[in-house]
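User: I would like to go through a structure with you, topic by topic. Shall we begin once it is on the screen?

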Amino acid sequence: MIENFKTSLKETTISVIPICILVTITSILLGIDYNTIISFIISSFLLILGITTFTFGSNISMMIIGEKIGNKIIKNKNISLILISVLIIGFTITIVEPDLKILATQLTNIPDIVLISTVGLGVGLFLMLATIKILFKLNLKTIIIINYIIIFTACIFLPNEFIPIAFDSSGVTTGLISVPFILTLGIGLTSSRTDKDTKSDTFGLIGLCSIGPIITVLLLGLLYDGNQTYDTNIFTNNLPLINQYINNFIKSIQDVLIPMIPIVLVFIIFKLVSKNSFTKKETKKIILGLIITLLGLAIFLVSVNVSFMKTGYLIGEKFTELNNESLTILFGIIIGFLIILVEPAVKILNEQIEEITNGSISKNIMQISLSVGGSIAVILSLLRLFYNISILYILLFGYLLVIILSFLTPKVFTAIAFDSGGSATGSLTTTFLLPFIIGICTALEKNIFTDAFGLIAIMGMTPLITIQILGIIFQFKTKQKIYKNIDETIIDYDWRKSI
Amino acid sequence: MIELMCLISSDKDDKSIKPLYSKYNMPFNFTIYGEGTASSSLLEYFGLEKVKKYIYFSLIDQKERTNILQDIKENLKLEKEGNGICFTIPLSSSTKHILNKINDKENTMDQKLKEENQIEKDNKKEYHLIVTIITEGYAETVMNTAKNAGAGGGTLINGRSLYQDKSKNMFLGFSIEPEKDVILIVADTSIKNNIMDAIVQKTGLKTKGGAIVFSLPISDAVGLYE
């Protein structure tokens, strides 16, 4: 475990350094003030520390709780009880997700509590659907296709402003708290099975859970109108650095303490209800793990909140002043690639995939495919900004491609792809890439909601394409060769001679 | 003669072991994940003692055994405590294909010896561990075939193949290797060859299953019921 911490620290450092260097050099070239640059460098170090601590902590706490719960509830014969507990778990872990809170405060027209509980309900219901799928061995592809047909039909009848918000809330739902939890819940739910579909059933939960909020939030569109205002002042705060770090740290601790409460509650209730579920040693480990997770998460949030948002926004703004679209796109390609390398939720997902597939689908190859997805997402978002392409066309065409690919790729890759889509739209996308696009958007004087916000929706879609293409290549490369002229008679050896 | 080599190590990237595959002609390799324990009481108190371990299995030519073990010892620094262990187990039988691929000179049990052993065995039952390595998803077929041939039960492990030939499984500089299922079945000598034959017929290399089958000698066993 300590060894794991060391390797994880090394890996995170390697993935953060390129982005740190690129952003620092770009900032200097664009003439951004030194205060911002210095705080970005400090934040990058905090980011390394935060991500490493968080993933280490969640590995020994949340992921163990999730897996145990999944494993135990599937053994319960009472289906309605299983479904109700899954609904409650889905709802609670979503409403406490820090990213969702940030999004809710940014949307001025809908009361926070309404949006948060709508998204929570969406996740809860779809986690239920995912469990039904595992219990009754339904086909993931069919469920997803039906849901996307519903979503796109709804999109046609709803105000344009609401579509990006619906897709974005789905993207932010599956964040740092829910990804490890839901992911391991799926592993637990399928762990006692040995049939052919076990692996593809293990994954796909996060994917389904991120569809839920799109539908429920789109329904909200019937009640509220989509005209939102966005406050760009959050990017231009000029307090002294030290104060910013201290203020943010206190705020982040509060922000992450609240999510921990329901998780601790779920843990306690589960421990009381089902006997012998956790040994004394495991309990100690989980408590220690939760504290480490909390600290790591707080450090992570501080680093992104203090400087990533501001730097991203300023870079976007300055790039527009250069009036060079191809240079902006080039920067976007690189930054989109690099930012996915750092995303903690993606790291957790990739580790799990590597473990479940015994290293057959290695985390490096997943990481590269996801990063390519990130680059494509940024290119599409920028093109959309420059040439006024409607988000609906991109999503419609993209998801059509996703569905076609799902018929060509192995089942397990479709499931993994949908999970990656949910995980790729994590905290760094919302705190660095989104402000970057918003920066360009404000400089070009366009509508932030319709033109900038769709980034998260596109970011959630491109990995579905790249991962499924990876699956097709994989299938081709690992095809079992059928031999014709070989002798397969069984022969005995005189093994005693060799000992 | 062919032996099964097991290497247990925390070495993650198979860089230190893979070059040996082509150096010593080892075409059949696979790996599984496991967990080891570190020896520190402080870590154990918090339940953090677990270390990820990788178990590498390879079929090797017995004549090369000393050289291979020496190379592994040097590459993975096994003389240092906690870096891992490596050991070999002789095979009691395998398909002829495996023998041909690894070592062309046969050194099999001749008929006379077989009969002598048979008399000896009549007094005491002798058991073997049948190991089947097969494309992921075919485990159930193997189990059913084995049961029909007289096997009592089996155990399933998930693993991954490691190719000897580097060029055919690379993509963008990353290796792509297929997932494999490993099925362990314990059977006595009288039915062992029937089971192995049945598995090879139904899911062998001439089919999509691509099963590789061999057996290891077991000196004694308890818990087997017929």
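**Contacts, helices and rings**

Analyst: Lys251(A) is placed in helix H12 of chain A, residues 241–273. Please note that this is a predicted model.

User: Is Lys251(A) buried, exposed or partly exposed?

Analyst: Lys251(A) counts as partly exposed, because its relative accessibility is 43%.

User: How far apart are the C-alpha atoms of Lys251(A) and Ala298(A)?

Analyst: They are separated by 8.6 Å, while the two residues are 47 residues apart along the chain.

User: And what about Pro98(A) and Ser427(A)?

Analyst: Pro98(A) and Ser427(A) are 329 residues apart in sequence, and their C-alpha atoms are 9.0 Å apart in space. Pro98(A) belongs to helix H5 of chain A, residues 98–106. With a relative accessibility of 9%, Pro98(A) counts as buried.

User: On to helix packing. At what angle do H13 and H19 of chain A pack?

Analyst: Helix H13 (residues 280–322) and helix H19 (residues 427–443) of chain A pack at about 25°, and their axes are 7 Å apart. Angles under 35 degrees count as roughly parallel, and H13(A) and H19(A) are therefore roughly parallel to each other. H13(A) passes H19(A) in a right-handed crossing.

User: How do H15(A) and H16(A) cross?

Analyst: The axes of H15(A), residues 344–356, and H16(A) cross at roughly 140° and come within 9 Å. Only angles over 145 degrees would count as roughly antiparallel, and H15(A) and H16(A) are therefore oblique to each other. The crossing in which H15(A) passes H16(A) is right-handed.

User: What span should H16 of chain A have, given its 25 residues?

Analyst: H16 of chain A covers residues 363–387, and at 1.5 Å a residue its 25 residues should span 36 Å. The end C-alpha atoms are 36 Å apart, so the two values agree.

User: What follows H16(A)?

Analyst: Asn388(A) follows H16(A), and the phi of Asn388(A) is positive, near 50°.

User: Which phi does Asn25(B) have?

Analyst: Asn25(B), which is not a glycine, has a positive phi of about 55°. Asn25(B) is found in the loop between helix H1 (18–23) and strand S2 (29–37) of chain B. At 30% relative accessibility, Asn25(B) counts as partly exposed.

User: Changing topic: how many aromatic pairs are there over all chains?

Analyst: A search of the whole structure finds 13 aromatic pairs over all chains. One of them is the pair of Tyr148(A) and Tyr399(A), which is stacked, with 4.3 Å centre to centre and 25° between the planes.

User: Where in the chain do Tyr148(A) and Tyr399(A) lie?

Analyst: Tyr148(A) is in helix H7 (residues 140–157) of chain A and Tyr399(A) is in helix H17 (residues 391–406) of chain A. The two are 251 residues apart, and the pair links distant parts of the chain. Tyr148(A) counts as buried because its relative accessibility is 6%, and Tyr399(A) counts as buried at 5%.

User: What does the pair of Phe413(A) and Phe474(A) look like?

Analyst: That pair is tilted, with 5.2 Å centre to centre and 50° between the planes. Phe413(A) lies in helix H18 (residues 411–424) of chain A and Phe474(A) in helix H21 (residues 454–477) of chain A, so the pair ties together parts that are 61 residues apart in sequence. Phe413(A) is buried at 2% relative accessibility, and Phe474(A) is buried with a relative accessible area of 7%.

User: Which residues form one aromatic cluster with Tyr148(A)?

Analyst: Phe152(A), Phe167(A) and Tyr399(A) form one aromatic cluster with Tyr148(A).

User: Last topic: how many disulfides does the structure hold?

Analyst: The structure holds zero disulfides over all chains.

Note on methods
Residues numbered from 1 in each chain as written. Chains lettered and ligands numbered in written order. Predicted model: local features only at pLDDT ≥ 70, side-chain atom pairs only at ≥ 80, totals over all residues. Heavy atoms only, no water. Helix = DSSP H or I, 4+ residues; strand = E, 2+ residues; numbered from the N terminus. Expected span 1.5 Å × (residues − 1). Phe/Tyr/Trp six-rings, centres within 6.5 Å; stacked < 30°, edge-to-face > 60°. Buried < 20%, exposed > 50% of the residue type's maximum accessible area, 1.4 Å probe, protein only. Disulfide = S-S within 2.5 Å. Axes fitted to C-alpha atoms, helices over the stretch in contact; angles between N-to-C directions. Parallel < 35°, antiparallel > 145°, perpendicular 65-115°, else oblique. Left-handed = near helix turned anticlockwise from the far one by under 90°.
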